[in-house]
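Subject: Structure handover

Hello,

Here is the structure for you to take over. Please open it beside this message; my notes follow below.

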Amino acid sequence: PVDWAEAELGQAQLGDERLRKRLLVMARDFYARPQSNVPQSCNGDRAKTRAAYRFFDHAQVSMEAVLQSHYAATAARVAQQAVVLAAQDTTSLNYNTHPATENLGPISSTAEGAVGLLVHDTMAFNLEGTPLGLLDLQCWARDPAQFGKKHKRRQLPFEQKESVKWLRSLEAVARMQSQCPQTQIVSVGDREADIYELFVWGTAEPGRPRLLVRAEHNRRVQDEHGYLWEQMAAQPVAGIQALRVPRRTNRAARTAHLEVRFGAVELRAPQTRAKLPNVKLWAVWARESDAPAGIEPVEWMLLTTLAVETFEQACEKLEWYTRRWGIEVFHRTLKSGCQIENRQLGSADRIEACLAIDLVVAWRIFHLTKLGREIPDVPCTVYFEEIEWQALVGFIRQDPIPPAKPPSLREAIRMVASLGGFLGRKGDGEPGTQTIWLGLQRLDDISAAWKVFSKMVSLTHTVSSNRTYG
């Protein structure tokens, strides 16, 4: 592949080579200007803009067709890891400000009239928290006629409920597992994933992806204590584990000290699904007993198909669960960085086609942010083209002569982040996705100007040399 766009999307099967080439051009343009609308991403070029809209309208262009190539690239990265965490989560795309958009559906039971699309995605992470790429993507609009009829949904078979999205994602993870037999893939889900059918599926056959899910329900257990929380409360405290709690909107980051208990549990099938078998799992219960005043204590009850027989294994599962936060960062990058909710495309089908490109762009921004922390000392040429890093260094250092040796990846990322407002003070830590996507947008303009001025300098030098020696 000639560049990242070719590597991620070059194998897309769109039935027409012209469509594939247009996809690559659009991906590069969207990445260069992640916060711009379609005409701005096309640099104001009317022909490119019309071609982009024709691309979204084409019958052979779909979200799934575009993403298949990225899934294959993700599989290659997954195969290089011993353990991969496949975090899945749901987010909504709100298009209330675009009421003329067709084929949308209700997205919230609390915000009356809110319409848009729902997205359930599965992102692969290595144990350092670097995103390796998407494994699965489901996107749909709810039927307004069925929305709000919760009492009827309880009577439906599991396969007809919206919660089947978790199983569909697990099936995609299983397909990835079969492609990467040397990699142990663990599906990680929050409390919404505490669905009994998932545990039955995950333990039905050997070789299926492992599960790591935060419990929501105090389920019945095959134990004298009767219920999950009561059984785990009877276990002795195995040790204390420190956990770094990230900053929230109105709360600073802090370190929580958790009492950790673990043990084997056998869950009994819910009474409404009595025909399902009991499920044998392992549970890890971590609870903060000395939270600061006014702060809600951290408490996690994790259920897993992985054996947890030691305190170290229990702490490992807690650490793995923290990597799930990465998918929330990804969603924020997609919405705030790529401005997917501001796309004015007229219909859900066009939005989905555009979403496929924005998803890959958002992943690449997030990947760049984390990669600079994982392998900071490699040359920045693993991620930046020559014109990009030379323009970046020249602009930051105010020196028109580029260095003979490119900077390290960490140095280049911090330079890009400085363009987006990152100050790099001692207490600032490493740059996040927001300063990266803002910096990339500026870098595109700087690189374009650098390319033009470099040609002018080269031409001036040639003319001057001809006059001197002519």
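Confidence first. This is a predicted model. Among the elements of the protein chain, strand β6 (residues 210-214) has the highest mean pLDDT, at 97. Helix α6 (residues 150-153) has the lowest, at 60. Where pLDDT is low, the predicted coordinates should not be read in detail. For the protein chain, the mean pLDDT is 89. Of its residues, 94% reach 70 or more.

Next, a buried leucine. Leu-359 belongs to helix α12 (residues 348-374). Its relative accessibility is 0%, so Leu-359 counts as buried. Setting aside residues up to four places away in sequence, Leu-359 touches Leu-67, Leu-134, Leu-137, Phe-330 and Leu-334. Take Leu-134 from that list. Leu-134 and Leu-359 are 225 residues apart in sequence, yet their C-alpha atoms are 8.6 Å apart in space.

Now the cysteines. Cys-139 has 15% relative accessibility, so it counts as buried. Cys-180 counts as buried too, because its relative accessibility is 3%.

Then the aromatic residues. The structure holds six aromatic pairs. One of them joins Phe-55 and Phe-56: the ring centres are 6.0 Å apart and the planes stand at 75°, so this pair is edge-to-face. Phe-55 and Phe-56 are both buried. Trp-300 and Tyr-321 also form an edge-to-face pair, with 4.9 Å from centre to centre and 70° between the planes. Trp-300 sits in strand β10 (residues 299-304) and Tyr-321 in helix α10 (residues 311-322), so the pair ties together parts that are 21 residues apart in sequence. Trp-300 and Tyr-321 are both buried. Look at Trp-325 as well: ring pairs link Trp-300, Tyr-321 and Trp-325 into a cluster.

Two charges sit over rings. Arg-208 places its charged end over the ring of Trp-201, 4.3 Å from the ring centre. Lys-317 lies over the face of Trp-320, and here the distance to the ring centre is 5.0 Å.

Is Lys-317 buried or exposed? Lys-317 counts as buried, because its relative accessibility is 3%. Lys-317 is part of helix α10. Leaving out residues up to four places away in sequence, Lys-317 touches Leu-212, Leu-302, Leu-306, Ala-307 and Val-308.

Glu-288 is in strand β9 (residues 279-288). With a relative accessible area of 6%, Glu-288 is buried. Which side chain does the side chain of Glu-288 meet in a polar contact? That of Arg-254, at 2.8 Å. Again without residues up to four places away in sequence, Glu-288 touches Arg-254, Ala-256, His-257, Leu-258, Glu-296, Pro-297 and Val-298.

On to the backbone. Most residues other than glycine have a negative phi. Asn-43 is not a glycine, but its phi is positive, about 60°. Asn-43 is placed in the loop between α3 (38-41) and α4 (46-57). Its relative accessible area is 58%, so Asn-43 is exposed. Gln-339 is not a glycine either, and its phi is positive at about 55°. The loop between α11 (325-337) and α12 holds Gln-339.

Last, helix α14 (residues 409-419). Its buried residues include Leu-409, Ala-412, Ile-413, Met-415, Val-416, Ala-417 and Leu-419. An α-helix has 3.6 residues a turn, so residues three or four places apart point the same way. Gly-421 follows α14, and its phi is positive, near 105°.

One is the cluster of Trp-300, Tyr-321 and Trp-325. The other is the side-chain contact between Glu-288 and Arg-254.

Best wishes

Definitions and conventions. Residues are numbered from 1 along each chain as its sequence is written. This is a predicted model: local features need pLDDT of at least 70, side-chain atom pairs count only at pLDDT 80 or more; totals for chains, interfaces and linings use all residues. Side-chain values use heavy atoms; hydrogens and water are left out. pLDDT is the predictor's confidence in each residue, from 0 to 100. Helices (H or I, at least four residues) and strands (E, at least two) are DSSP runs, numbered from the N terminus. Buried means under 20% relative accessible area, exposed over 50%, partly exposed in between (1.4 Å probe, protein chains only). Contact means heavy atoms within 4.5 Å. Rings of Phe, Tyr and Trp (its six-membered ring) pair if their centres lie within 6.5 Å; planes under 30 degrees apart count as stacked, over 60 as edge-to-face and the rest as tilted. A charge sits over a ring if NZ of Lys or CZ of Arg is within 6 Å of the ring centre and within 35 degrees of the ring normal. A polar contact is a pair of N or O atoms within 3.5 Å; within protein, one must be able to donate a hydrogen and the other to accept it, and residues adjacent in sequence count only if both atoms are side-chain atoms.
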